Amino acid sequence: MSGGAVAGLIASGAFAVLVLFACYVLFKLGKIFDEAAARVRQTGVVIDEGTARVRQAGATVDEVNVALAHVNKELERIDAITANVQTVTTNVSSLTSIFAATLGGPVVRVAAFSYGVRQAVAKRTKADVTARVSAQMKAEKAQRRSARRSPEATAVGADGRGGGR
(Lines give C-alpha, C1' and ligand atoms only; values in the text may rest on other atoms or scores of the structure.)
Protein backbone atom coordinates (compact mmCIF):
# COMPACT_ATOMS: atom_id res chain seq x y z
CA MET A 1 0.00 0.00 0.00
CA SER A 2 1.11 3.27 -0.80
CA GLY A 3 1.60 6.22 1.50
CA GLY A 4 -1.53 7.94 0.13
CA ALA A 5 -3.66 4.88 0.89
CA VAL A 6 -2.38 4.68 4.48
CA ALA A 7 -3.01 8.35 4.93
CA GLY A 8 -6.56 7.84 3.52
CA LEU A 9 -7.16 4.96 5.97
CA ILE A 10 -5.92 7.00 8.89
CA ALA A 11 -8.02 9.94 7.77
CA SER A 12 -11.09 7.73 7.33
CA GLY A 13 -10.50 6.14 10.79
CA ALA A 14 -10.13 9.58 12.37
CA PHE A 15 -13.27 10.69 10.55
CA ALA A 16 -15.14 7.61 11.86
CA VAL A 17 -13.98 8.37 15.43
CA LEU A 18 -15.04 11.97 14.93
CA VAL A 19 -18.48 10.85 13.65
CA LEU A 20 -18.85 8.47 16.63
CA PHE A 21 -17.87 11.28 19.02
CA ALA A 22 -20.38 13.61 17.33
CA CYS A 23 -23.08 10.91 17.61
CA TYR A 24 -22.33 10.56 21.32
CA VAL A 25 -22.49 14.34 21.81
CA LEU A 26 -25.74 14.53 19.83
CA PHE A 27 -27.21 11.67 21.91
CA LYS A 28 -26.34 13.47 25.16
CA LEU A 29 -27.58 16.74 23.73
CA GLY A 30 -30.88 15.02 22.81
CA LYS A 31 -31.26 13.85 26.43
CA ILE A 32 -30.57 17.39 27.63
CA PHE A 33 -33.21 18.75 25.26
CA ASP A 34 -35.70 16.09 26.41
CA GLU A 35 -35.02 17.05 30.05
CA ALA A 36 -35.37 20.72 29.18
CA ALA A 37 -38.69 20.02 27.42
CA ALA A 38 -39.94 18.11 30.48
CA ARG A 39 -38.92 21.02 32.71
CA VAL A 40 -40.68 23.47 30.41
CA ARG A 41 -43.84 21.32 30.58
CA GLN A 42 -43.58 21.21 34.40
CA THR A 43 -43.01 24.93 34.47
CA GLY A 44 -46.07 25.39 32.28
CA VAL A 45 -48.14 23.30 34.72
CA VAL A 46 -46.76 25.27 37.66
CA ILE A 47 -47.49 28.51 35.84
CA ASP A 48 -51.04 27.30 35.16
CA GLU A 49 -51.44 26.42 38.86
CA GLY A 50 -50.00 29.80 39.80
CA THR A 51 -52.38 31.52 37.41
CA ALA A 52 -55.28 29.61 38.95
CA ARG A 53 -54.14 30.64 42.41
CA VAL A 54 -53.81 34.25 41.31
CA ARG A 55 -57.36 34.12 39.92
CA GLN A 56 -58.54 32.54 43.16
CA ALA A 57 -56.73 35.23 45.14
CA GLY A 58 -58.35 37.85 42.93
CA ALA A 59 -61.77 36.36 43.69
CA THR A 60 -60.92 36.33 47.39
CA VAL A 61 -59.84 39.96 47.23
CA ASP A 62 -63.14 40.80 45.53
CA GLU A 63 -65.05 39.00 48.29
CA VAL A 64 -63.02 40.85 50.94
CA ASN A 65 -63.82 44.16 49.23
CA VAL A 66 -67.54 43.32 49.29
CA ALA A 67 -67.31 42.38 52.98
CA LEU A 68 -65.45 45.60 53.75
CA ALA A 69 -68.15 47.59 51.97
CA HIS A 70 -70.76 45.91 54.21
CA VAL A 71 -68.66 46.60 57.29
CA ASN A 72 -68.34 50.25 56.31
CA LYS A 73 -72.12 50.52 55.95
CA GLU A 74 -72.59 48.96 59.39
CA LEU A 75 -69.98 51.31 60.88
CA GLU A 76 -71.89 54.27 59.47
CA ARG A 77 -75.04 52.96 61.15
CA ILE A 78 -73.17 52.47 64.42
CA ASP A 79 -71.83 56.03 64.17
CA ALA A 80 -75.39 57.30 63.80
CA ILE A 81 -76.54 55.21 66.77
CA THR A 82 -73.63 56.45 68.87
CA ALA A 83 -74.47 60.06 68.03
CA ASN A 84 -78.10 59.44 69.04
CA VAL A 85 -77.03 57.82 72.31
CA GLN A 86 -74.80 60.79 73.04
CA THR A 87 -77.72 63.15 72.43
CA VAL A 88 -79.98 61.10 74.71
CA THR A 89 -77.29 61.07 77.41
CA THR A 90 -76.97 64.83 77.20
CA ASN A 91 -80.75 65.25 77.43
CA VAL A 92 -81.00 62.93 80.45
CA SER A 93 -78.17 64.79 82.16
CA SER A 94 -79.92 68.11 81.57
CA LEU A 95 -83.24 66.71 82.79
CA THR A 96 -81.56 65.38 85.94
CA SER A 97 -79.98 68.75 86.60
CA ILE A 98 -83.34 70.51 86.17
CA PHE A 99 -85.08 67.99 88.44
CA ALA A 100 -82.41 68.35 91.13
CA ALA A 101 -82.56 72.14 90.97
CA THR A 102 -86.36 72.28 91.01
CA LEU A 103 -87.36 69.52 93.38
CA GLY A 104 -84.12 68.51 95.03
CA GLY A 105 -84.17 70.99 97.93
CA PRO A 106 -87.85 70.53 98.92
CA VAL A 107 -87.67 66.74 98.57
CA VAL A 108 -84.60 66.62 100.81
CA ARG A 109 -86.35 68.81 103.39
CA VAL A 110 -89.47 66.62 103.35
CA ALA A 111 -87.35 63.50 103.69
CA ALA A 112 -85.41 64.99 106.62
CA PHE A 113 -88.63 66.12 108.32
CA SER A 114 -90.26 62.69 107.90
CA TYR A 115 -87.10 61.03 109.24
CA GLY A 116 -87.18 63.30 112.29
CA VAL A 117 -90.87 62.58 112.89
CA ARG A 118 -90.27 58.82 112.62
CA GLN A 119 -87.36 59.01 115.06
CA ALA A 120 -89.42 61.05 117.55
CA VAL A 121 -92.34 58.62 117.33
CA ALA A 122 -89.97 55.68 117.75
CA LYS A 123 -88.34 57.28 120.81
CA ARG A 124 -91.71 58.08 122.33
CA THR A 125 -92.99 54.56 121.74
CA LYS A 126 -89.77 53.15 123.17
CA ALA A 127 -90.02 55.43 126.21
CA ASP A 128 -93.65 54.37 126.77
CA VAL A 129 -92.77 50.69 126.53
CA THR A 130 -89.74 51.16 128.77
CA ALA A 131 -91.84 52.99 131.37
CA ARG A 132 -94.52 50.28 131.33
CA VAL A 133 -91.98 47.48 131.60
CA SER A 134 -90.17 49.32 134.42
CA ALA A 135 -93.42 49.89 136.30
CA GLN A 136 -94.44 46.27 135.86
CA MET A 137 -91.02 45.05 137.07
CA LYS A 138 -91.24 47.32 140.15
CA ALA A 139 -94.73 46.03 140.89
CA GLU A 140 -93.62 42.42 140.57
CA LYS A 141 -90.58 43.10 142.77
CA ALA A 142 -92.76 44.75 145.41
CA GLN A 143 -95.18 41.85 145.19
CA ARG A 144 -92.35 39.34 145.73
CA ARG A 145 -91.13 41.29 148.75
CA SER A 146 -94.53 41.36 150.25
CA ALA A 147 -94.99 37.66 149.48
CA ARG A 148 -91.81 36.85 151.39
CA ARG A 149 -92.95 38.89 154.36
CA SER A 150 -96.41 37.40 154.65
CA PRO A 151 -97.33 33.87 153.63
CA GLU A 152 -101.01 34.78 153.33
CA ALA A 153 -100.39 37.20 150.48
CA THR A 154 -99.32 34.40 148.15
CA ALA A 155 -102.86 33.37 147.36
CA VAL A 156 -103.61 33.45 143.71
CA GLY A 157 -105.68 36.42 142.61
CA ALA A 158 -108.43 36.56 139.98
CA ASP A 159 -105.96 37.18 137.16
CA GLY A 160 -103.93 34.04 138.04
CA ARG A 161 -100.65 35.82 138.83
CA GLY A 162 -100.55 35.67 142.52
CA GLY A 163 -101.42 38.66 144.64
CA GLY A 164 -103.93 41.16 143.31
CA ARG A 165 -103.54 43.55 140.59
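A: Let's begin with a term: a helix here is a DSSP run of H or I that is at least four residues long, and helices are numbered from the N terminus. Keep in mind that this is a predicted model. The protein chain has 1 helix and 0 strands, and helix α1 covers residues 3-149.

Now for the overall form. A compact globule of 165 residues would have a radius of gyration near 15 Å, whereas the protein chain has 60 Å. Along the principal axes, its C-alpha atoms fill a box of roughly 185 × 55 × 25 Å.

Next, a look at individual residues. Gly-4 lies in helix α1 and counts as exposed because its relative accessible area is 56%, over the 50% cut-off. Leu-9 also has its place in helix α1, but Leu-9 is partly exposed, with a relative accessible area of 49%. Together with Met-1, Val-6 and Ile-10, Leu-9 makes a nonpolar surface patch of about 450 Å².

Finally, back to the whole chain. Buried residues make up 2% of the 165 residues. The accessible surface comes to about 14200 Å², and carbon and sulfur atoms account for 67% of that. As for charge, the protein chain carries 22 positive and 13 negative side chains, with the centres of the two sets 25 Å apart.

Note on methods
Residues are numbered from 1 along each chain as its sequence is written. This is a predicted model: local features need pLDDT of at least 70, side-chain atom pairs count only at pLDDT 80 or more; totals for chains, interfaces and linings use all residues. Side-chain values use heavy atoms; hydrogens and water are left out. Helices (H or I, at least four residues) and strands (E, at least two) are DSSP runs, numbered from the N terminus. The radius of gyration is taken over C-alpha atoms; the globule rule is 2.2 Å times the number of residues to the power 0.38. Buried means under 20% relative accessible area, exposed over 50%, partly exposed in between (1.4 Å probe, protein chains only). Accessible areas come from the Shrake-Rupley method with a 1.4 Å probe; for residues, only the protein chains shown count as cover. Lys and Arg count as positive and Asp and Glu as negative; His and the chain ends are not counted. The place of a charge is taken as NZ of Lys, CZ of Arg, CG of Asp or CD of Glu. Patches are made of residues with over 30% relative accessible area and no salt bridge: like charges are joined within 9 Å, nonpolar side chains (Val, Leu, Ile, Met, Phe, Trp, Tyr) within 5 Å. A salt bridge is a side-chain nitrogen of Lys or Arg within 4 Å of a carboxyl oxygen of Asp or Glu.
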